Amino acid sequence: MQIHAPAKLNLCLYLGARREDGLHELCSLFEPLALGDLIGVSDAGRDEVFCPGVEGENLATRALAALRERGWKGPRLRIEIEKRIPVAAGLGGGSADAAAVLRLAAGEVTDLEEIAAGLGADVPSQLTPALSLVRGAGESVERLPQPKRHAVVLLPGGGGLSTADVFAEADRLGLGRSGGELDELAQRLRSAAGTGASPLTYPELLVNDLEPAARSLRPEIGTALDALRDVGAPHALLTGSGPTAFGLFEGLAAAGEAAEALARDDAIVCEAGSALNAKSGPSS
């Protein structure tokens, strides 16, 4: 079988205090993108996970091992991941792959949410890809109604920006909000997004507190954001810990025109909030 593992976009990311476990309290809106990795799954003599072109330990490998540790009796599997989500770009590609593997045991292994939280902050929200209000360090996920269709232009900028480095820089810069402020922002986001409206209707809430830290480490992020605004993006933002900048548009046609105007080889145009239509390159 083939599984689609959609990328996620942080429509906003509010940063709270650093916790005793070293993670930070967050308040964020996550939504799935049409852009996603393709995961091929077939029976095999032993469990194997392949991700050509990506070095180091793969979260999907850890996810499959965690299922076995919980007693999952599914057949031994060969899992091959075709990477379409840029790596280390703030789009949750590794977490998407891990969540897709966990979904193989849905209904057969209890506490998938607990396993997901143990794998990484972005994994729980991607067990059921949907617009979600995310709190804690990512373990608290509240599903919201699917928003009105909209589109994005992504500028990954080559990826490769370490999440740990960005959070460390945020701490150095003294960024962060109080718990009370995060609670208030969560309620405002719940009210704005809970109607199914397009995020373009509440731009004042679309803020990424990690942007100053990411721009400190990768100044060209600012250039990408300016470029998106210059080609008509009603709102441009950093997703996650970066370095991907994105522009929001009302539809794919407007996003495609903006990508052509950008004339950047790394531009990706896709629909947000669903698993349809993803294209890359300025000709999109």
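Colleague: Where is the place of A88?

Modeller: A88 sits in the loop between β4 (77–82) and α2 (93–103); helices (H or I, at least four residues) and strands (E, at least two) are DSSP runs, numbered from the N terminus. This is a predicted model, in which local features need pLDDT of at least 70 and side-chain atom pairs count only at pLDDT 80 or more, while totals for chains, interfaces and linings use all residues. Residues are numbered from 1 along each chain as its sequence is written, and side-chain values use heavy atoms, without hydrogens and water.

Colleague: OK, and what is the phi of A88?

Modeller: The phi of A88 is positive, at about 50°, although this residue is not a glycine. With a relative accessible area of 40%, A88 is partly exposed, a label that lies between buried (under 20%) and exposed (over 50%), using a 1.4 Å probe and protein chains only.

Colleague: Is A263 buried or exposed?

Modeller: A263 counts as exposed, because its relative accessibility is 54%. A263 also has a positive phi, of about 55°, although it is not a glycine, and its place is in the loop between α8 (252–262) and β10 (268–272).

Colleague: Which residues is S241 in contact with, leaving aside its neighbours within four places in sequence?

Modeller: Beyond those neighbours, S241 is in contact (heavy atoms within 4.5 Å) with L161, T163, V166, L210 and A214. In that loop between β8 (235–238) and β9 (245–249) you will also find P243, and the peptide bond leading from G242 to P243 is cis, with omega near 10°.

Colleague: New topic, then: how many residues does the largest nonpolar core have?

Modeller: The largest nonpolar core has 63 residues, and those with the most contacts inside it are L29, L33, L67, I79, L102, V152 and L154. Such a core is a set of buried Ala, Val, Leu, Ile, Met, Phe, Trp, Tyr and Cys residues joined through side-chain atoms within 4.5 Å. Apart from this core lies another, of 28 residues, and A151, L161, V166 and A214 are among them.

Colleague: Which residues is L154 in contact with?

Modeller: Setting aside neighbours within four places in sequence, the contacts of L154 include L9, L33, L35, L91, F246 and I268. As general background, nonpolar side chains in soluble globular proteins tend to be buried together.

Colleague: And where is G273?

Modeller: G273 is in the loop between β10 and β11 (278–280), and it counts as buried because its relative accessibility is 14%. By contrast, G273 and E260 are 13 residues apart in sequence but 23 Å apart in space, C-alpha to C-alpha.

Colleague: Last one: what does the secondary structure of the chain come to?

Modeller: The chain has eight helices and 11 strands. Its radius of gyration is 18 Å, close to the 19 Å that the globule rule gives for 284 residues, so the chain is as compact as a globular protein of that length; the radius is taken over C-alpha atoms, and the rule is 2.2 Å times the number of residues to the power 0.38. Of the 284 residues, 52% count as buried, and the C-alpha atoms fill a box of roughly 55 × 45 × 35 Å along the principal axes.
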